[in-house]
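Biologist: Could you walk me through reading this fold with me? I would like to start with the strands and then turn to the helix.

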Amino acid sequence: MGIALRLKHNTQVMIEYNGKQIYVTKIGRFSKNSRYSLQHQALENYLDQELEGTYYGGNLAKEEQEET
């Protein structure tokens with residue numbers, strides 16, 4: 001799941017979630033990129049709720065922990 005925000009001056013911020021980790025990528029002017037991982041439990045819970053019941057729903061990290 002991802003959210004893309006286009007900003008002024010040809011910059012973009014993308015928030016991506018793969019069920020395990022949240023990544024924030026900033027694409028700046030002249031193709032200057034920065035990527036960070038983000039640990040934010042409230043945002044992760046929100047994204048899990050939004051994805052629940054879809055093909056990509058569920059939290060893979062939590063499911064793997066429950067299996068062991």
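**Strands, turns and a helix**

Modeller: Strand 2 and strand 3 (residues 22–27) pair in the antiparallel sense over 6 bridges. Strands are DSSP runs of E with at least two residues, helices are runs of H or I with at least four residues, and both are numbered from the N terminus. Two strands pair if DSSP finds at least two bridges between them. This is a predicted model, where local features need pLDDT of at least 70, side-chain atom pairs count only at pLDDT 80 or more, and totals for chains, interfaces and linings use all residues. Residues are numbered from 1 along each chain as its sequence is written, and side-chain values use heavy atoms, leaving out hydrogens and water.

Biologist: Which residue is the bridge partner of Met14 in strand 3?

Modeller: That is Thr25. In the hairpin of these strands, 4 residues lie between strand 2 and strand 3, and Gly19 has a positive phi near 90°.

Biologist: How do strand 1 and strand 2 pair?

Modeller: Strand 1 (residues 2–7) runs antiparallel to strand 2 (residues 11–17), with 6 bridges. Gly2 sits opposite Glu16 in strand 2. This hairpin has 3 residues between its strands, and His9 in the turn takes a positive phi of about 60°.

Biologist: Which residues of helix 1 are buried?

Modeller: Buried means under 20% relative accessible area, exposed over 50%, and partly exposed in between (1.4 Å probe, protein chains only). In helix 1 (residues 41–51), the buried ones are Glu44, Leu47, Asp48 and Leu51. Down the helix axis they fall within an arc of 105°, so they line one face of helix 1; the arc is that of the directions from the axis to the C-beta atoms. Exposed Ala42 and Gln49 are on the face turned away from the buried side.
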